[in-house]
Amino acid sequence: MPKTRDITVPPPEQRELRYDPQQIEEKWHARWEADPALYAADPPTSKRKKFYVLEMLPYPSGALHMGHVRNYSIGDALARHMWMRGHNVLHPMGWDAFGLPAENAAIKNQFPPKEWTLGNIVHMKSQMKRLGFAYDWSREVTTCLPEYYRWNQWFFLKLYEKDLAYRKKSRVNWCPECATVLANEQVVAGCCWRHEETQVEQRELEQWFVRTTKYAEELLADIEKLKDWPEKVRTMQRNWIGRSDGTLIDFAIDGDGKITVFTTRIDTIFGATSIQLAPEHPVVADFIKVDPTLKDKVDDLISQREKSKGSDDIGAHDVDKHGVFTGRYVFNPFNQEKIPVWVANYIVMGYGTGAIMSVPAHDDRDFEFAQKYGIEIRVVILPRRSAEPPESGQKEQPVLPYTDTESLVINSGDYNGLSNQEAIEKMTAFAEEHGFGKQTVTFRLKDWGISRQRYWGTPIPIIYCEKCGAVPLPENQLPVVLPDNIDITLQGGSPLGRVPEFVNVKCPKCDGAARRETDTMDTFVDSSWYFYRYTNPQLTDRALDTKTVEYWFPIDQYIGGVEHAILHLIYSRFWTKFMRDIGIVKNDEPVLRLFTQGMVIKDGAKMSKNKGNVVSPDEMVARFGADSTRLYSLFAAPPDRDLDWQENGLEGVHRFLSRVYRFVMRNASVAKVSSSKTLSSDGKSPSKARAIQRKLHQTIKRVTDDFQGRWHFNTCVAAIMELVNELYAADDEITAGKFPPDVLADAQRKLVLLLAPFAPYLATELWEELGEKDSLLRHPWPEYDRALAKEDEITYAIQVNGKLRSHVAVPADSPEDFVRERALADEKVKASLDGKQVVKTIFVPGKLVNVVIR
């Protein structure tokens, strides 16, 4: 340790020490803006280890709120840390720019969606820059521009070519008042969200679908590869894909035809006392043709279901069960028993076959339905422990509904006494042998309906010709560009259908009169592959460059809300596998590590425009500065937990940064004349200097470990605050010139480096003030020194029979025998031992000694 040199620090009153974030941040904002290559990644030829960090791109709704700031602050801190660790960092940003809100704004404000969207992007981009987010804007992607969505259209043509895009009739929500299709979230209590008294209808329309189900098995299996995804998200995806192993069984209709059901429990088929159909099942339509009086009853079921929250969920356990008896019957193929056919509101077409065999004794929903409508409840399985031999006459009746899979079959003819698994195997074999069933696998995952009867989306590149049918547009005619200045009224279906110059075209095959598809694509198409485009967004002859993608993918860290765990993240996984199969990428999965941040809560609800509880970061930046605003979003709660917005917490963070600023500005001259070499302990430092060294290196370890592991940035910031408190504790010695200058200089530099990922404006200002000339963004991260972090003394808790009696401080390197001796010599411990026999002592290194007596 170098000896103390006589360096006089100017007294505080001689220096301007007021922290002015606006002045500092505007200075560095201007400098950063003047350097467009500041955050640019090196090309794939770089020798640095690559690190691709990405936050989910926002919808340009008009302005950022603190929920956005929290998400982007997490990613930005990580990106800056990885730059300082010497990585080649890719940190881009773009805009999920298509979508219904732009159309709604156009109707409300009589302003074209494109102008509204691009204007919002300009404003939100300026907010991001003012907040100091380190994005490489040369890679910016905007999904509503033709240079991007032409590749949506190209991908659609490839899907169509591979029979992965197809058109079929599908039931949709239809508002008669709007004369258009509504998304599920736009149906409120069975009515249109815009016309609260207008009942939403179910209509069948021709819709485009993407065959995601072809990849269901792989999507499910590859979840096991996602080791660094939150288990909650992995579970949600497993459940959404929903693999079920079971049997398809044909029940012959009394009269003519059949109903095929899917069941995972064929072992309970002798307990089936009804068949239940989804209201949309084709057989229901056939029954209505024979008995028209059923129609109103079935329509009423659909209406009741639409009013029920969660009615589209598989199982729909929370839906009030309603049903209609059709007056028709089917035959159980195992015993020819005649059983009734019902239509039930809790059966959905999207799972299995849209028909179930109802076994009320052994299914929760069926039990509730049977009790309500007086349908027979027949027990056909029992717990193994209660299945006594028939001659005993004693069987324990289970509490119904009994659904355990560890059971034995009863009341089932030749299958009595078999375990449920044996019965499943033998019954399935019997069904296959006799031609009325087969073993199969079904998935909850449905094909992805991408048609939207809207204007503001990617046009679907299909031409309809009376002679040639549906004709895909030749690739050399892409993009199909959205017309500008279109009249959007939400009347009469897609606005594009009212633009003759868009609709009326020549057929690419026969050159005859034809019409263009007027549906646009679901905006999840845009977000399913955007992160690939970031790797080379200037390409004009192809969507992406395979070699560049191979270098950057998979994404090392993806950050976004858990609300995207299902749709966006499943669709993007599907898209990656599809791109792999057509040979333009080589990776199986897009994202190596996923982090889902908590929400920002205000007034008891998630911060959002819809809730009217948004806090503008512009106001916070104007009052407290960008660094305080960012740092508060990281400090107020662990990143994976919800953050309860409290403005006084932001004030506290601002005061902390003011303390950092004052300390460094007061003492910066020491750093300018002192060595920046790594210091080591010689055991002769003044106690406060040694304490600062120890706290500094403990803080370096804590912050570094958190970046590499659990991401508890709130504790990182707390540790830096503790370090600053330790520095202020030495203030008198520093001011008097009695503190080792090299220790002070080293502490200041490393403090600024630790702060750099969290408060980049202030850190950069102080870095310059300390006399440093190199880029803080690329300066090496401080190294942890185990010897300097080591405590000089350790305080042991001393227990007697597990009860705390005293504390003993000993040198940190004390051997066990010495600690035991000191513990037994302690006066309070000796008093507890008086007249007792010491049986043993339990030693826990660095923590406690427990003396066991009797």
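These are my notes from looking through one predicted model.

**Ground rules.** I number residues from 1 along each chain as its sequence is written, and side-chain values use heavy atoms, with hydrogens and water left out. As the model is predicted, local features need pLDDT of at least 70 and side-chain atom pairs count only at pLDDT 80 or more, while totals for chains, interfaces and linings use all residues.

**Overall look.** I put the C-alpha atoms in a box along the principal axes and got roughly 105 × 85 × 50 Å. Of the 854 residues in the chain, 56% count as buried (buried is under 20% relative accessible area, exposed over 50%, partly exposed in between, with a 1.4 Å probe and protein chains only). I found 27 helices and 34 strands (DSSP runs numbered from the N terminus: H or I of at least four residues for helices, E of at least two for strands). I also looked at contacts (heavy atoms within 4.5 Å): among those between residues at least 6 apart in sequence, 73% join residues at least 24 apart.

**Domains.** I noted five entries, with bounds from an automatic or database domain assignment:
- Domain 1 is 51-143 + 212-238 + 523-597.
- Domain 2 is 154-211 + 447-522.
- Domain 3 is 243-443.
- Domain 4 is 618-789.
- Domain 5 is 793-853.

Taken over C-alpha atoms, the centres of domain 1 and domain 3 are 43 Å apart.

**Cysteines.** How many disulfides does the structure hold? I counted zero (a disulfide is a pair of cysteine sulfur atoms within 2.5 Å). I checked Cys 468: its closest cysteine sulfur is in Cys 510, 3.8 Å away, so too far for a bond. Cys 468 is partly exposed at 25% relative accessible area, whereas Cys 144 is buried at 4%.

**Helix α1 on α17.** I looked at α1 (residues 21-33) and α17 (residues 617-624), which pack at about 115° with axes 8 Å apart (axes are lines fitted to C-alpha atoms, for helices over the stretch in contact, and angles run from 0 to 180 degrees between N-to-C directions). That makes α1 and α17 roughly perpendicular (65 to 115 degrees). Pro 21, Gln 22 and Glu 25 of α1 touch Val 621, Ala 622, Arg 623 and Phe 624 of α17. I sorted this contact into four nonpolar, one polar and two charged residues (Ala, Val, Leu, Ile, Met, Phe, Trp, Tyr, Cys and Pro are nonpolar, Asp, Glu, Lys and Arg charged, the others, Gly among them, polar).

**Helix α18 on α21.** Here α18 (residues 626-635) and α21 (residues 713-729) pack at about 115°, axes 7 Å apart. Leu 631, Leu 634 and Phe 635 of α18 meet residues of α21 including Phe 713 and Met 721.

Key:
Parallel < 35°, antiparallel > 145°, perpendicular 65-115°, else oblique.
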